[in-house]
Amino acid sequence: SSVLGPGFLHKARVCAPVGIIYGLKFAVTNIGLQVLPTAAHVLLQATDILWTVLAARVVNRERLSSVAEGIACALSLAGSTCLTLQLSSQSEQPRALIGPI
């Protein structure tokens, strides 16, 4: 069915909360970019999938349905942890990507 076709109000009522929350997430993300160093912000963004899985578990009582999903979540957590360890050992000074010019 088309977006503006029959049942538009029902579609809008169902989709509006998700759209509003997603918009708020981007607003908070932009505020976070002003407050945090970029490295810390990237680290927090890297954990988005973990917060999504946790919210799905708590709010909707969803469970991971396959081993592959569990492995994907574990690897995401491992990647975020590696990023944290690397960033904590570096200074907050930005580094040139291509070296001195």
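## Threonine 29 and its contacts

Leaving aside residues up to four places away in sequence, threonine 29 touches His41 and Gln45 (contact: heavy atoms within 4.5 Å). Threonine 29 lies in helix H1. Helices here are DSSP runs of H or I with at least four residues, numbered from the N terminus. Threonine 29 counts as buried because its relative accessibility is 13%; buried means under 20% relative accessible area, exposed over 50%, and partly exposed in between (1.4 Å probe, protein chains only).

## Model and confidence

This is a predicted model: local features need pLDDT of at least 70, side-chain atom pairs count only at pLDDT 80 or more, and totals for chains, interfaces and linings use all residues. Residues are numbered from 1 along each chain as its sequence is written, and side-chain values use heavy atoms, without hydrogens and water.

The chain has a mean pLDDT of 77 (the predictor's confidence in each residue, from 0 to 100). Of its residues, 84% reach 70 or more. Among the elements of the chain, H1 has the highest mean pLDDT, 85. Helix H2 (residues 38-46) has the lowest, 75.

## Phenylalanine 8

Phenylalanine 8 belongs to helix H1 (residues 8-35). Its relative accessibility is 37%, so phenylalanine 8 counts as partly exposed.

Helix H3 spans residues 48-60, 13 residues in total. From first C-alpha to last, H3 reaches 17 Å, close to the 18 Å expected (1.5 Å times one less than its number of residues). Just after H3, arginine 61 adopts a positive phi of about 55°.

Terms used
Helix = DSSP H or I, 4+ residues; strand = E, 2+ residues; numbered from the N terminus.
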